[in-house]
Amino acid sequence: MIARILPSLTLSATLFVVWILLHQSLHPATLLSALLVAVAVPLITRSLRPASVMMRRPDVLVRLTLIVLRDMARSASDSMQPHHCS
């Protein structure tokens, strides 16, 4: 029953919280509109969501994540070095 109303609980919860943060209010009308958005958007976009994915090689994900983090650290380090103009 709940899965039928909220096909993506994570998306619904995120939309609810973001809506409230954007409005910066806990007024009942804001909470009601946040609830409406949190329920309506996942229902409307249900057909756009991809099928579940099974990760076959989590080690590749870890390796690529480490490469990206290393590149980010290098870039940050390079941007902090003083540059000499010629």
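**Note on the predicted model**

1. The chain exposes about 7600 Å², and carbon and sulfur atoms supply 70% of that area. The structure is a predicted model, and the values below are computed from it.

2. Buried residues account for 9% of the 86 residues in the chain. The radius of gyration is 21 Å, whereas a compact globule of 86 residues would have a value near 12 Å. Along its principal axes, the C-alpha trace spans about 65 × 40 × 20 Å.

3. The secondary structure consists of 4 helices and 0 strands. Read from the N terminus, the order of elements is α-α-α-α. Of the contacts between residues at least 6 apart in sequence, 51% join residues at least 24 apart.

4. Helix α2 covers residues 9-23, which makes 15 residues. From the first C-alpha of α2 to the last, the distance is 21 Å, close to the 21 Å expected at 1.5 Å a residue. Q24 follows α2 and has a positive phi, near 50°.

5. A nonpolar patch on the surface is formed by V62, L66, V68, L69 and M72, which together have about 480 Å² of accessible area. V62, one of these residues, lies in helix α4, which comprises residues 58-80.

6. Why can V62 count as partly exposed? The relative accessible area of V62 is 48%, and the partly exposed class lies between under 20% for buried and over 50% for exposed.

How values were computed:
Residues are numbered from 1 along each chain as its sequence is written. This is a predicted model: local features need pLDDT of at least 70, side-chain atom pairs count only at pLDDT 80 or more; totals for chains, interfaces and linings use all residues. Side-chain values use heavy atoms; hydrogens and water are left out. Patches are made of residues with over 30% relative accessible area and no salt bridge: like charges are joined within 9 Å, nonpolar side chains (Val, Leu, Ile, Met, Phe, Trp, Tyr) within 5 Å. Accessible areas come from the Shrake-Rupley method with a 1.4 Å probe; for residues, only the protein chains shown count as cover. A salt bridge is a side-chain nitrogen of Lys or Arg within 4 Å of a carboxyl oxygen of Asp or Glu. Helices (H or I, at least four residues) and strands (E, at least two) are DSSP runs, numbered from the N terminus. Buried means under 20% relative accessible area, exposed over 50%, partly exposed in between (1.4 Å probe, protein chains only). The expected span of a helix is 1.5 Å times one less than its number of residues. The radius of gyration is taken over C-alpha atoms; the globule rule is 2.2 Å times the number of residues to the power 0.38. Contact means heavy atoms within 4.5 Å.
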